[in-house]
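Morning, everyone. Let me put the model up on the screen, and then I'll walk you through a few spots in it.

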Amino acid sequence: MAGGMFGGEYGQEMICPDAPFASGPRTILPDMKQKLSTLVAQARGGRVVRTGFMDGDEIDRRLLNEEDLRHRIAGGFPDARRVVLTLHPAHIPEVDAGVTVLRLTPAQAAPAWDEQDFLVQLRRLELNEEQLGDVREERGSFLIAASGKAAQTLEALTTLGGRDIEVEEVGETAGRGSKIREVVVPSMRVDVVGAKGFGVSRAYFQQGIDGGKVRLNGGPARASSDIREGDSLSADGLGRIDFKRVVSETRRGNYKVELEVHR
């Protein structure tokens, strides 16, 4: 399983989940649940509220399952790690994602820019980091998710780092997307559902849990914890599972469950 959750997965992504230009391991903000509760209350009060880019694993999706509330999570890429959360009351049928994906193509010159070169030049623009999402390299170009004034600044660029640059707005891209799966499991334990949902062995998934690579609703996951409707289970290098519902119970006492698997 090359590039799995114990490989160099973070090296494929040029923006750190906590802040675009930070380094080191991710941290879960201790007051994130409280902040999310406040945003939910504001949306239920009739407002459309939107966060800046944040680590998608920090969002406790159970707090979003309210009948009078709608939400949209967008990062510009189907497998985005940094996302924008928009909340709005149910009587508003739809809101925009608030995220733009731009393709920046620097003029060919020696030496060619790699990922780090591009990030260095991007940092010099002193853009608001809460308005910057994931960055991906694509055959000599760089895709970046952005919002607000940062997106406007990037879209207006004609040069970057002394090089001419072409900027093009593109749609959601650069990811394998999500898939709805129905699987049969003997229990709702995290290690059981996670292994089955991602299609890996239970022993392999257990290694990820032991190594702190697996999170349940943004916090460290334990193998024996139960996963319930509305929960989100993420594993570095594998993706994220959103637990949708229990479809039925089999005659042998197993459970058929519906999962949305994001790769």
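This is a predicted model: local features need pLDDT of at least 70, side-chain atom pairs count only at pLDDT 80 or more; totals for chains, interfaces and linings use all residues.

Residues are numbered from 1 along each chain as its sequence is written, and side-chain values use heavy atoms, with hydrogens and water left out.

Okay, the overall picture. The protein chain has 5 helices and 15 strands; those are DSSP runs numbered from the N terminus, with helices being H or I of at least four residues and strands being E of at least two. There are 263 residues in the protein chain, and 48% of them count as buried. Buried here is under 20% relative accessible area, exposed is over 50%, and partly exposed is in between, using a 1.4 Å probe and protein chains only.

Two strands pair if DSSP finds at least two bridges between them, and β6 and β7 have 5. One to click on is L132, whose bridge partner in β7 is A146.

On to the rings. How many aromatic pairs does the count come to? It comes to 2. The rule: rings of Phe, Tyr and Trp (its six-membered ring) pair if their centres lie within 6.5 Å, with planes under 30 degrees apart called stacked, over 60 edge-to-face, and the rest tilted. F118 and F142 are stacked, at 4.3 Å centre to centre and 5° between the planes. That pair links distant parts of the chain, with F118 in helix α2 (residues 115-123) and F142 in strand β7 (residues 141-146), 24 residues apart. Both F118 and F142 are buried. The tilted pair is F198 with F205, 6.0 Å centre to centre and 35° between the planes. F198 counts as buried because its relative accessible area is 4%, and F205 is buried at 0%.

Next, a residue in a loop: D60, which lies between β2 (54-55) and β3 (69-74). Is D60 buried or exposed? Buried, because its relative accessibility is 6%. Its side chain makes a polar contact with the side chain of R62 at 3.0 Å. A polar contact is a pair of N or O atoms within 3.5 Å; within protein, one must be able to donate a hydrogen and the other to accept it, and residues adjacent in sequence count only if both atoms are side-chain atoms. Beyond neighbours within four places in sequence, D60 is in contact with K33, L36 and N217.

Last one: I209, in helix α5 (residues 202-210). I209 is buried too, at 9% relative accessibility. Leaving out residues up to four places away in sequence, I209 touches V190, D191, V214, A221, R222 and A223.

How values were computed: Contact means heavy atoms within 4.5 Å.
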